[in-house]
Amino acid sequence: MSLENVCIIGSGNWGSAIAKIIGTNVHKHPHLFSPTVRQWVYEETIQGEKLTDIINTRHENIKYLKGIALPTNVVAVPDVVEACKDATLVVFVVPHQFVHSICAQMKGHLAPTARAISLIKGLEITSTGTRLFSEEISRCLGIPCAALSGANIADEVARERFCESTIGCEEAQDGQRWHALFHTDYFRITVIRDVTGVQLCGALKNIVAVGAGFSDGLGLGSNTKAAIIRLGLMEMRKFGQTFFGEAVQNETFFESCGAADLITTCSGGRNRKVAEAFVKTGKPIETLELELLNGQKLQGTLTAQEVHVFLTARNRVADFPLFDTVYRIVYENASPECIVRDI
């Protein structure tokens, strides 16, 4: 059996935490994986040094995961074509807006037996339908693509705090290989076949987290936030079953990618944080994005808008009162108190 050549596409906070796990597991399973893990790193200059040189000499990503040692077999490569050449297992952990352009560069350079996995949370939702990032990767590269998602705050994973994550993979043999690549004592992996549900949870939970943040901003307490989380989970499940049918399994919502990730996101995370500040300060979301997120766009408010357009086109807005209430508070100047009055 030939060894798997592993390539990681992306090197941010989450990508670096995952590189630590993958580098360690590749060394742990020499009968399955080639010893070197190539990681595509978007080249930046940090205090006069190239980031790739820093990673390859100091074995630390000092910009995105400072203070965490990376395995020495993880090699940073600034050219995406060189990084992915002849790879058989490709791990995507990049901002979603770059998926198409990166895949276009990679096309034709992977091994014929290549498979991919997407660690990009969420999906694109428009009035005409939805698009999973795993589907986009598969379409662009002509290879099967699984998905990984869960209650996984990158800094905690990097510090080996115990957590779980869920892999959605249709092929059982590929699922076993992904399990070997990611599973550790502190990063427990469960493999299921529901690729769609894993990614759907990763998108919709951000809307619920915005609602939880409104509750925190109003000072409504733990009981109210627990109710919002439960109602949000029910709407997430209803959305999946209504618009994806049997492609989404009920059990998926109780895996780490579902309930656990929802709880984590509603307890911490940027969506909850900005939504709380929105209520307390009265500042627009765009201003808070600049002040609290260095200009990065909030996922929950954008997804709420996309879901609203999707539901409006199907005359189903009233069937999802929590999703609708979050949308109206953000985009139609509805009172934040609506988060308990109208759901």
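Biologist: What makes the R177 and E4 side chains a polar contact?

Modeller: In this predicted model, the two side chains come to 2.9 Å of each other. The cut-off for a pair of N or O atoms is 3.5 Å, with one able to donate a hydrogen and the other to accept it, so the R177–E4 pair counts as a polar contact.

Biologist: And where does R177 lie, and which residues is R177 in contact with once neighbours within four places in sequence are left aside?

Modeller: R177 is part of helix α7, residues 172–182. Its contacts beyond those sequence neighbours are M1, E4, L32, F33, L89 and R115.

Biologist: How do you know whether R177 is buried or exposed?

Modeller: By its relative accessible area, which is 12%. Buried means under 20%, so R177 is buried.

Biologist: Let's move to W40. Is W40 buried or exposed, and how do you know?

Modeller: W40 has a relative accessible area of 14%. That falls under the 20% limit, so W40 is called buried. This residue is found in strand β2, residues 37–40.

Biologist: What does W40 touch, not counting residues up to four places away in sequence?

Modeller: The list is I8, I9, G10, S11, V77, P78, D79, V80, A83, V94 and I102. With P78 there is also a polar approach: the backbone oxygen of P78 is 3.1 Å from a polar atom of the W40 side chain. Since the limit is 3.5 Å, 3.1 Å is within range.

Biologist: Which residues make the contact of α4 and α5?

Modeller: From α4 there are V99, H100, C103 and M106, and from α5 there are E136, I137, R139, C140 and L141. They divide into six nonpolar, one polar and two charged.

Biologist: What makes V99 count as buried or exposed?

Modeller: V99 has 2% relative accessibility. The limit for buried is under 20%, so V99 counts as buried. Apart from neighbours within four places in sequence, V99 is in contact with V94, I120, E136 and I137.

Biologist: Which residues in α13 and α14 meet?

Modeller: T301, L302, A304, Q305, V307 and H308 in α13 meet F323, D324, V326, Y327, V330 and Y331 in α14. By class, the contact has eight nonpolar, three polar and one charged.

Biologist: One last topic: phi. What is the phi of N333?

Modeller: Phi of N333 is near 60°, which is positive although N333 is not a glycine. Most residues other than glycine have a negative phi. N333 sits in the loop between α14 and α15.

Biologist: How do you know whether N333 is buried or exposed?

Modeller: Its relative accessible area is 71%. Exposed means over 50%, so N333 is exposed. E160 also has a positive phi, about 65°, but at 42% relative accessibility E160 falls between 20% and 50%, so E160 counts as partly exposed.

How values were computed. Residues are numbered from 1 along each chain as its sequence is written. This is a predicted model: local features need pLDDT of at least 70, side-chain atom pairs count only at pLDDT 80 or more; totals for chains, interfaces and linings use all residues. Side-chain values use heavy atoms; hydrogens and water are left out. Contact means heavy atoms within 4.5 Å. Helices (H or I, at least four residues) and strands (E, at least two) are DSSP runs, numbered from the N terminus. Ala, Val, Leu, Ile, Met, Phe, Trp, Tyr, Cys and Pro count as nonpolar, Asp, Glu, Lys and Arg as charged, and the others, Gly among them, as polar. Buried means under 20% relative accessible area, exposed over 50%, partly exposed in between (1.4 Å probe, protein chains only).
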